[in-house]
Amino acid sequence: MKPEEHARKKIDEMLMQAGWVVQDFDQLDLSAGYGVVVRDFVLSSGTADYLVFIDGEPVGTIEAKKVGETLIGVEEQSAKYLTRLPDYLVTPRSQLPFSYETTGTETRFTNHLDPEPRSRYVFTFHQPRRLAEWLEQAPVDIPNEQNDTLRARLRHFPPLLPTNLRDCQFEAITNLERSFAENRPRALIQMATGSGKTYMAVSSTYRLIKFAGLKRVVFLVDRADLGKQAFTEFAQYVTPDDGRKFTELYNVQHLQSNHIDSVANVCITTIQRLYSILRGEAELDPAEEEQSQFGLDAALLNQSPKEVVYNAGVPIEMFDLIVVDECHRSIYNLWSQVLEYFDAFIVGLTATPDKRTYGFFEKNLVMEYRHDRAVADGVNVDYQVYRIRTEISEKGSTIEPYEVVGRRHRQTRSVRWERLDDELTYDASRLDRNVVAPDQIRTVLQAYKDALFTQLFPGRQEVPKTLIFAKDDTHAEAIVDTVRKVFTRGNEFAQKITYKVTGVKPDKLIQDFRNSYYPRIAVTVDMIATGTDIKPLEVLLFMRSVKSEGLFEQMKGRGTPTIKDDDFQAITPGGASKTHFVLIDAVGICERIKTDDPPLERKASTTFKDLLKAVSLGKRDQETLTSLAGRLGRLARRATPADQVAIEQAAGGRSIRELAAALVDAFNPDIQLAATRTETGQDFTLDDPAVKQVAHRLIKEAAFPFNNPTLRNALITAHEHDEQTLDVVSVDKVISADWDIQAEEQAHQVVTSFSQYIEQHHDEITALQIFYSRPHNKRLRYEDVKQLYDAIQLPPLGLSPERLWQAYALLDRNRVRGNGKSSKRMLTDLVSLIRYTIERDNNSDAVLEPYSDIVARRFAAWLEEQEGIRGRAFTREQRQWLVLIRDHVAASLTIEQDDFESSPFIQRGGLGKAYQLFGEQLTAILQELNERLAA
């Protein structure tokens with residue numbers, strides 16, 4: 001069969017799958033179906049490969065080319081056929097509105113009804129009803145710019161209301177709508193974790209449905225709990241112009257089965273389930289939606305993309321828009337065909353894009369809102385790094401001969417005890433993988449506890465919400481047990497939140513961690529390492545490292561979201577507000593970013609023995625074989641020398657790693673193409689039968705060794721020997737536990753920038769003029785300090801009293817007073833900060849203390865002095881009023897008679913009551929207090 005004939009055959013199949021009736025020109029019967037495509041239709045300007053009819057009316061052409069031929073250059077040929085129609089073809093339009101160019105492998109489509117027609121890639125042909133719908137939206141006598149097609153509507157949004165939107169969200173939606181108006185198919189939105197990406201996406205979706213007429217939007221996540229989180233955002237969203245909830249106006253479906261509701265305006269689903277639906281599977285195992293796709297990069301590099309075939313029940317026009325949440329993840333190697341299947345706009349949301357993300361979204365970055373800007377805007381909180389180093393964490397340990405150690409089986413967790421014949425030395429890389437040293441875990445956690453209320457959160461009494469990252473489930477189990485012992489607390493105090501929790505859904509544990517007092521400390525591996533919002537979090541403790549910088553940034557992002565003071569205080573009593581979070585580095589992750597190779601396996605619930613049995617019985621699907629490869633890869637790192645020899649003998653000299661590599665390579669498209677080229681001397685595409693035949697052989701050869709029962713038994717024996725050593729002998733000790741140098745550098749930068757600012761602007765800002773020139777009888781007013789407060793909050797400074805206070809507390813901890821009384825600084829604390837900054841370098845006795853403490857100390861001295869002069873104490877009621885006056889000065893810098901008509905004085909009788917209590921002395925008392933307290 002010639003290449004042209006092969007392409008034609010494939011094109012015919014594609015058309016029929018999409019619901020078209022395909023006919024030869026000499027067998028023309030336009031009544032045979034609603035949508036008819038006629039081959040080799042003779043026109044005035046030549047013969048069109050295919051002419052497209054809707055309800056008997058010609059509407060477009062299809063130009064067919066052989067595989068490998070470029071298509072944009074064919075558009076001129078299509079254009080010639082669109083306008084030169086014979087008289088016997090009845091159509092009210094001067095030009096046919098639709099044109100396709102295709103090789104059967106690649107297809108491009110142009111809708112000439114769009115305001116500025118531009119061809120685009122499509123997976124296959126649209127169904128007839130979609131073309132008919134576009135025709136209805138574009139009446140014959142209406143200019144394209146004024147018709148009702150989607151790309152015309154996307155040019156005419158009403159003004160965006162800033163109601164309930166942060167500035168960054170407003171900017172993102174505005175820029176995104178500009179991108180839509182320019183008909184750019186893909187757009188990337190980078191917004192810092194905690195800045196409200198999902199809320200922004202919901203707001204944008206509402207406008208797109210209401211004003212641009214989008215019929216269906218799919219919101220893609222890669223983990224089930226993130227889908228629930230997104231559904232909550234849609235359900236709680238109050239529309240700014242209507243006042244009703246989103247779900248009262250539009251149907252939102254959170255897919256938990258493989259059925260897409262025909263009336264759903266928004267579908268929320270994992271990309272795994274959408275792929276399952278496209279494959280026509282009846283259902284998807286819920287376990288497949290629990291594991292994040294993040295961190296599988298190394299595995300995905302060795303896997304073929306998920307192949308997608310046309311599903312008439314889910315046509316390419318099913319969705320108008322795809323929103324990809326957390327689009328930095330590894331969707332591009334494995335899942336790109338799922339995204340590109342639909343003829344839809346694609347919008348990506350992420351805080352941490354990488355080069356693949358930029359490439360996939362064609363560098364159309366419509367919004368860039370980084371963490372530093374989010375901190376400056378008060379959208380995120382900043383963080384400080386606290387480093388804990390212990391001897392075993394840094395160097396490992398050595399267990400002397402004849403000491404007794406435990407040997408714990410990984411699967412059954414049973415422990416046997418044995419006496420060592422030889423010395424056992426292990427380094428830090430084997431810690432919590434091959435060797436568990438309980439005292440190392442205990443030492444790190446004790447160092448955290450010791451620093452908690454002294455260095456990290458002085459003055460606090462409640463353990464802040466803490467998330468600990470563990471290496472695996474076994475490590476998490478040990479950490480939870482040790483946390484409870486170190487803090488001498490019960491089960492509810494510390495909980496493990498991983499995929500292996502039973503008896504309660506992880507979602508419930510996450511909800512409790514987010515919204516309830518308990519647990520105070522949660523330990524996870526990767527379940528809530530990314531994507532999940534836990535706003536009250538104030539501590540991230542890293543007891544595992546990671547290789548991916550993007551993943552590390554995502555994990556850090558769990559601590560950045562802000563939270564309202566009332567909400568925070570309800571969960572963490574004794575804390576005034578969340579002003580920052582602390583990253584505790586117990587593994588040196590801030591100095592290096594690396595981790596073990598991530599797993600290949602996708603069948604975590606299948607035992608190793610059952611995987612081997614399935615392969616021996618002929619199971620050859622990609623998930624089974626790559627899962628086996630993942631198990632072999634882990635076994636290769638832990639198998640004893642004796643086990644390795646036995647396996648190599650049974651496998652004909654092949655090592656465990658070579659067996660695993662063969663399974664992975666069998667699915668590698670580059671290796672499949674190279675092997676085909678070597679065998680045939682020709683280049684083919686992955687869809688060619690020759691390549692598929694070679695791929696089938698490679699898979700068969702890779703799986704062949706596992707037919708040997710001797711090899712299977714040797715592997716099972718080695719797996720049963722796969723045990724952890726329990727080092728209950730070594731005693732760990734802290735090398736150092738202190739703020740990281742990076743935190744000190746950040747603090748130094750903060751105070752330096754503030755010092756330079758007040759020096760450079762002391763002639764411009766009233767509050768600074770008063771401090772520098774100290775004019776006689778010039779009193780500092782609240783409005784003056786507010787002016788400075790507003791000025792330093794703006795970029796590039798992005799400062800606040802809280803941030804300045806934290807910086808000085810870190811650098812000058814012996815000169816900072818009252819640091820633990822309240823983590824929420826008053827605006828008047830700027831007075832103390834200005835004074836301390838000016839005096840700090842020239843006066844070694846200068847201290848920084850809350851402005852309210854200064855006022856309280858001066859008030860106590862004045863009160864004692866006054867009662868001495870009067871010869872009698874103030875009455876109880878007079879003292880209560882004087883304390884209210886003191887507190888008002890602490891918060892507002894001054895007190896005037898007009899202030900008595902406001903809270904809290906007005907509730908106690910106002911100015912009249914003040915005169916009743918103090919008589920003619922009131923004016924003098926107020927004047928004295930203004931001078932003495934605010935001096």
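Me: Which residues in helix 33 do Asp829, Val831, Ser832 and Arg835 in helix 32 meet?

Reply: They meet Tyr851, Ser852 and Ile854. Contact here means heavy atoms within 4.5 Å, and helices (H or I, at least four residues) and strands (E, at least two) are DSSP runs, numbered from the N terminus. Before we go on: this is a predicted model, where local features need pLDDT of at least 70 and side-chain atom pairs count only at pLDDT 80 or more, while totals for chains, interfaces and linings use all residues. Residues are numbered from 1 along each chain as its sequence is written, and side-chain values use heavy atoms, with hydrogens and water left out.

Me: OK, at what angle do helix 32 and helix 33 pack?

Reply: Two packed helices are described by the angle between their axes and the distance between the axes. Axes are lines fitted to C-alpha atoms, for helices over the stretch in contact, and angles run from 0 to 180 degrees between N-to-C directions. For helix 32 and helix 33 the angle is about 95 degrees and the axes are 7 Å apart. That makes helix 32 roughly perpendicular to helix 33; the cut-offs are under 35 degrees for roughly parallel, over 145 for roughly antiparallel, 65 to 115 for roughly perpendicular, and oblique for the rest.

Me: And how far apart are the axes of helix 31 and helix 32?

Reply: Helix 31 (residues 801-811) and helix 32 (residues 829-839) have axes 10 Å apart, at an angle of about 40 degrees. The two are therefore oblique to each other. Helix 31 supplies Pro801, Leu804, Trp805 and Tyr808 to the contact, and helix 32 supplies residues including Leu830, Leu833 and Tyr836.

Me: Is the crossing of helix 31 and helix 32 left-handed or right-handed?

Reply: Left-handed. A crossing gets that label if the near helix is turned anticlockwise from the far one by less than a right angle, and right-handed if clockwise.

Me: Is Ser78 buried or exposed?

Reply: Go by relative accessible area: under 20% is buried, over 50% exposed, partly exposed in between (1.4 Å probe, protein chains only). Ser78, in helix 2 (residues 75-83), comes out at 1%, so it is buried. Leaving aside neighbours within four places in sequence, Ser78 touches Thr61, Glu63, Ser99, Tyr100 and Glu101. Lys700 of helix 26 (residues 689-703) is exposed at 54%. Arg803, back in helix 31, counts as partly exposed at 23%. Over the whole chain, buried residues make up 54% of the 935 residues.

Me: Which residues of helix 34 are buried?

Reply: Gln878, Trp881, Leu882, Leu884, Ile885, His888, Val889 and Ala890. They pack against helix 33 (851-870), helix 35 (910-918) and helix 36 (922-933). Helix 34 (residues 876-892) has 17 residues and reaches 24 Å from its first C-alpha to its last, close to the 24 Å expected, the expected span being 1.5 Å times one less than the number of residues. Just after helix 34, Leu893 takes a positive phi of about 80 degrees.

Me: What pLDDT does the protein chain average?

Reply: pLDDT is the predictor's confidence in each residue, from 0 to 100. The chain averages 84, and 89% of the residues score at least 70. Residues 594-602 are below 50, with 31 contacts beyond near neighbours in sequence.
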